[in-house]
Every structure is written in structure tokens, then in C-alpha cells.
Amino acid sequence: MIRLRFYEELNDFLDPERRKCSFSIPFNFTRSVKDLIESLGVPHVEVDLILVNGESVDFGYLVQDGDLISVYPVFEGLDISDVTRLRPQPLRESRFIADVHLKTLVRKLRMLGFDTLYDPSWDDPELAAVSNREERILLTRDRGLLKRSIVRRGLFIRSHRPDEQLREVIRRLDLSKSARPLSRCIRCNGPLERISLQKALDENSSGVPIPRDVQEEQKEISRCTRCGKFYWRGSHYDRMIAQIRSILFSA
């Protein structure tokens, strides 16, 4: 028999009778601990530490009859690089890529200044490949996508509500201090730059008129360095700032 215990949010992936308790399963054949963990429904990217009989092991460890296995989630708030054998260092990179179902979350992450790729035409293999190649955290509600061996960094989004999804990402990855609100284009993900109002008027290639009251009240506005979209402090600005503060302080 093999005895296992999963901790904290990893229990979300387990059958109800196996949550927050130790449980046993038969030892039927030799396999890696990664395969065993994923067979129980837990994506490997959600795991940051595995202890077998009190010793840290990597995903390639071959499970033995009688093993006592403890599985822990990603510790973004703690540096466990001297303990874990799964990664050379804690997952602290705050660049993302999201699947087609998380469009609103993508916009909110960009609003907070996080580099977040999104293309509704990308299929699962493309998402996994870009995540791996660019070392981006893959955000998805598809457990199967996170179980792809090529995916090294990922997060299963539990909530269906965009604001709660955003809080979830910030809380679980400890990102409150990394946010740079209103520094990135919500539409295309490009960085924003501050330019003079006159320069914006002279170089307005987007064809979107800058309102007269903005021209009268502001000397500078922001422009996306990629798509050229302009941003200014309009009537919605105070509401956005209040929303950002609420999310960051409550995450």
C-alpha cells in the first residue's frame, strides 16, 4: 500500500473523501511519483514540494510499496529552493499566458501591469509551447492542459468570476507588490509611455479623437508603444483606481 496526504489548495483536485486527510491506495506497479499524483487529478505544475518518507524527491522518483508521500502546493511567499527538488528556484516570474476562456481576467491582469499574452485562436499545444518557450505562467481552467509534460509553470483558476479570479492569481502568487497599475495596454498588452498632449495630437494615427475636455485639462497622456492606443484620466479613472485598490488590498 501507498499512503498519501495532499496539503492546502491541492485538495481542490481530489475526490471529497480524500481531501485534508491521509489516504491509502494499492501499490499495483512501479511508476513515477509525477504519474501517481496526476492520476489522482492534481496537475504537476501545482506542486512545489514532494516528501517521500520525509525526504524531498523529484517528479522522476519511482514509487515503492509502503511509501508515505506528502505533497505540497507552490510556495510563492517562501523560498524553499534549499528543500525542494522540483525546481531550481521558486516560481516568481509574473509573465502570463491565458487560454481562450479567461479573456476578462487577461484584461484585468494587464490593467495591473502584468505582461499577459492572449490569443483566442491558440489551441492547447500552442499555449503549452509558448508557456514553455517564454517561461510564462499558464492560466487555465483546463486541468488536462496543465498536465502536459511540456508545461513547467501554470495555475489552475478555480473561480468563474473574473474579479475573484484576479484575486486568486494575486494571492496565490504573492503579486500585490509586483503590480504596476495602468502601465500596460489592456487591448494589446504593450507597455504604455507618457507623452505630451501636443505630441499625441500631432501623431494621432489611431483616428480616435481626443476629447476637447481632455485637451483642456491634461498636458500629458499615455500611449501604447505597440498599437498606439491613447489613455487618459477620464471620468472612469477614479473608478478604476478604486477597483485596483480593492483587489490588491483584499487579495
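Helices (H or I, at least four residues) and strands (E, at least two) are DSSP runs here, numbered from the N terminus. Before moving on, note that this is a predicted model, where local features need pLDDT of at least 70 and side-chain atom pairs count only at pLDDT 80 or more, while totals for chains, interfaces and linings use all residues. Residues are numbered from 1 along each chain as its sequence is written, and side-chain values use heavy atoms, with hydrogens and water left out.

Now step back onto H5 itself, residues 162–173. Its twelve residues reach 16 Å from first C-alpha to last, close to the expected 16 Å (the expected span is 1.5 Å times one less than the number of residues). Color Gln165, Leu166, Arg167, Glu168, Val169, Ile170, Arg172 and Leu173: they are buried (under 20% relative accessible area, with exposed over 50% and partly exposed in between; 1.4 Å probe, protein chains only). What covers them? Show strands S6 (96–98), S8 (137–140) and S9 (154–156) plus helices H2 (103–111) and H8 (237–250), which are among the covering elements.

Next, the sheet. Four strands make an open sheet in the order S7-S6-S8-S9, with parallel pairing (two strands pair if DSSP finds at least two bridges between them). At the edges sit S7 (116–117) and S9, each pairing on one side only. Helix H3 (124–133) packs on this sheet and touches S6, S7 and S8, its direction making about 180 degrees with that of S6. Contact is heavy atoms within 4.5 Å; axes are lines fitted to C-alpha atoms, for helices over the stretch in contact, and angles run from 0 to 180 degrees between N-to-C directions. Zoom in on S6 and S8, parallel and joined by three bridges, and you'll find Ala98 opposite Leu139 in S8.

Over to the other open sheet: five strands, ordered S2-S1-S5-S3-S4, with mixed pairing. S2 (23–25) and S4 (55–56) are at the edges with a single partner strand each, so one side of each has no neighbour in the sheet. S3 (47–52) pairs with S4 in the antiparallel sense over two bridges; pick Val52 and its bridge partner Glu55 in S4.
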